[in-house]
Amino acid sequence: MAAAAPAADGVPGRGPPGEVIHLNVGGKRFSTSPQTLTWIPDSFFSSLLSGRISTLKDETGAIFIDRDPTVFAPILNFLRTKELDPRGIHGSSLLHEAQFYGLTPLVRRLQLREELDRSSCGNVLFNGYLPPPVFPLKRRNRHSLVGPQQAGGRPAPVRRSNTMPPNLGNAGLLGRMLDEKAPPSPSGLPEEPGMVRLVCGHHNWIAVAYTQFLVCYRLKEASGWQLVFSSPRLDWPIERLALTARVLSGALGEHDKMVAAATGSEILLWALQAEGGGSEIGVFHLGVPVEALFFVGNQLIATSHTGRIGVWNAVTKHWQVQEVQPITSYDAAGSFLLLGCNNGSIYYVDVQKFPLRMKDNDLLVSELYRDPAEDGVTALSVYLTPKTSDSGNWIEIAYGTSSGGVRVIVQHPETVGSGPQLFQTFTVHRSPVTKIMLSEKHLISVCADNNHVRTWSVTRFRGMISTQPGSTPLASFKILALESADGHGGCSAGNDIGPYGERDDQQVFIQKVVPNASQLFVRLSSTGQRVCSVRSVDGSPTTAFTVLECEGSRRLGSRPRRYLLTGQANGSLAMWDLTTAMDGLGQAPAGGLTEEELLEQLEQCELAPLASLRGAPPSPSPRTSLTGLHSAFSSASLSSRRGSPSPPQAEARRRWGGSFVERCQELVRSGPEPRRPPTPAPRPSAGLGAPLAPPKMKLTETSF
């Protein structure tokens, strides 16, 4: 800003009307007249030349102003001609400087230009908006199951209580919170009751979790999305959410549709009615923090990295808790639940049959495969091909290890008894693999090095994976999604990067660069190519997101649609049509974020040194791996064939993880060299951060 000491002789830089005013802006000299600078009243320049602001002069007597000279040039030109010529200057930078100088006419013109580029109705991909629901009443009855079962092996009776019916009236969420505030979070930081913490969808249903309650919406063909269930207000913040809306194995009465919420070791389960309302099934305890909550068919599954799993069966109404090895990943295939453990073994449970051992009534947990090097299985993905014989399916399993290895194992239906056989091994990662996905056409792996993604194209013969010519490398890139360094990032389980989508179709990553960002980038999981970008229509930060594969209408010519669901800090929910975006693939920029877009995102936060949070445990992933991370910026695809970096650049890329990290280091200018992640399988974190806050926050590049 302008400077520190007042001039001794009268008003500095202002003399007779014909005198020239000399300015030194950030080291660059400008010359103009007093009339040019002061025609806008009550501006920075009128205060400066009237003596109301103290000044500092350089050695030549010019008034020194410590601002950007590049942005000052178009501002001075506007004062001279009253015409705006940005000359390639970013609009937000020009607006910021115009506000600093107090140039009201220029500020209004720039704000109007921004308003023309943005609309509260969104762009062509914007598909719907659901306002915040009404804040519900407090849950009065607290029923709980104090054990997995009664003596004799019979299921314990489940007590029920009616929940609050759906309220379709006023959408004034925040108004009902003034007299009843939420309790403090376990971390001691204030919670935001109106913030969307988690979003999940199944078929034509959506569940949205706030701090102390959840709501469910159902898509009706003629009337659109309708609120059909609202839970009572709970005594604890919701940390995990699961929804099942259609069970393919047959009608289960009131248990055909269910929603579950968990925090700590406690799980609360409701049955949903299609026409509205719901009833509480019961409260179940895992005994250890719940780090993954999901449905396999009509079975509710809860797992913890400690090695404990809980299964609730909708038919038998039986809650069973079982101890296995410490769990580091999971996936489901049909009615099978597969668990990857830190001892290098992959176990499976047929949760549909719910088998129990006769001698001790425990779950029948079987070891399917053991890693040759006994590395921890940190990511797991199962692909079931179409049936090839009457004896079953060809099962293909891809998994990642704590040492960075990627392996593919297969089991032929005629050799089920011999177990899966090792098919392929890749050692392209030097950090633990945190995500993996095996689909019909691609194998995708993500490691803990800033979410570095490696992809391969998969060759198949009659639907089965083939070695001729085998998997070929396709792309290498990163998905930058910075997390809060001080735990203020909200619920990390609601910000999983993916990949999302059916395994027989193109899958996508969802990229949110900084915690309080209002813009998301959708990118192909196979190549990193950008599909589209969406920005919240009301300008509020996006706090949770997911992708929903929605059933098609019964009308002729309709097809299933894919939607991106974004929950906002103000409690609203927005929907975006990814099917239309995928149909127009190729119109968006070829890569990930441009450097200009990246810097615009990073302006919303302050970067912390890289080593500040190295070694912290990862957050559990709600889909494929319990050690999911968020990170990284776009790297080059192998198909781009760009030139290789010079030796010093190559060394910097090797040490710091890419050109983006180098730029981050220049911004931070501090912090020791990052340590290499440890080889043992990382253990997920049980806790959740506090909600998003609009002010800038310190961030770390990765959190694992």
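This is a predicted model: local features need pLDDT of at least 70, side-chain atom pairs count only at pLDDT 80 or more; totals for chains, interfaces and linings use all residues.
**View A. Salt bridge between Arg407 and Asp371.** The side chains of these two residues meet with an N to O distance of 2.7 Å. Arg407 belongs to strand S24 (residues 406-411), whereas Asp371 sits in the loop between strand S21 (366-370) and strand S22 (377-384). The pair thus links distant parts of the chain, 36 residues apart. Both Arg407 and Asp371 are buried.

**View B. Salt bridge between Glu549 and Arg562.** The closest N and O atoms of Glu549 and Arg562 are 2.8 Å apart. Glu549 has a relative accessible area of 25% and is partly exposed. Arg562, at 4% relative accessibility, counts as buried, because the cut-off for that class is under 20%.

**View C. Salt bridge between Arg561 and Asp577.** Here the closest N and O atoms are 2.5 Å apart. Arg561 is located in strand S37 and Asp577 in strand S38 (residues 573-577). These positions are 16 residues apart, and the pair links distant parts of the chain. Asp577 has a relative accessibility of 9% and therefore counts as buried.

**View D. Network of Arg218, Lys220 and Glu275.** In total, the structure holds 13 salt bridges.

Methods. Residues are numbered from 1 along each chain as its sequence is written. Side-chain values use heavy atoms; hydrogens and water are left out. A salt bridge is a side-chain nitrogen of Lys or Arg within 4 Å of a carboxyl oxygen of Asp or Glu. Helices (H or I, at least four residues) and strands (E, at least two) are DSSP runs, numbered from the N terminus. Buried means under 20% relative accessible area, exposed over 50%, partly exposed in between (1.4 Å probe, protein chains only).
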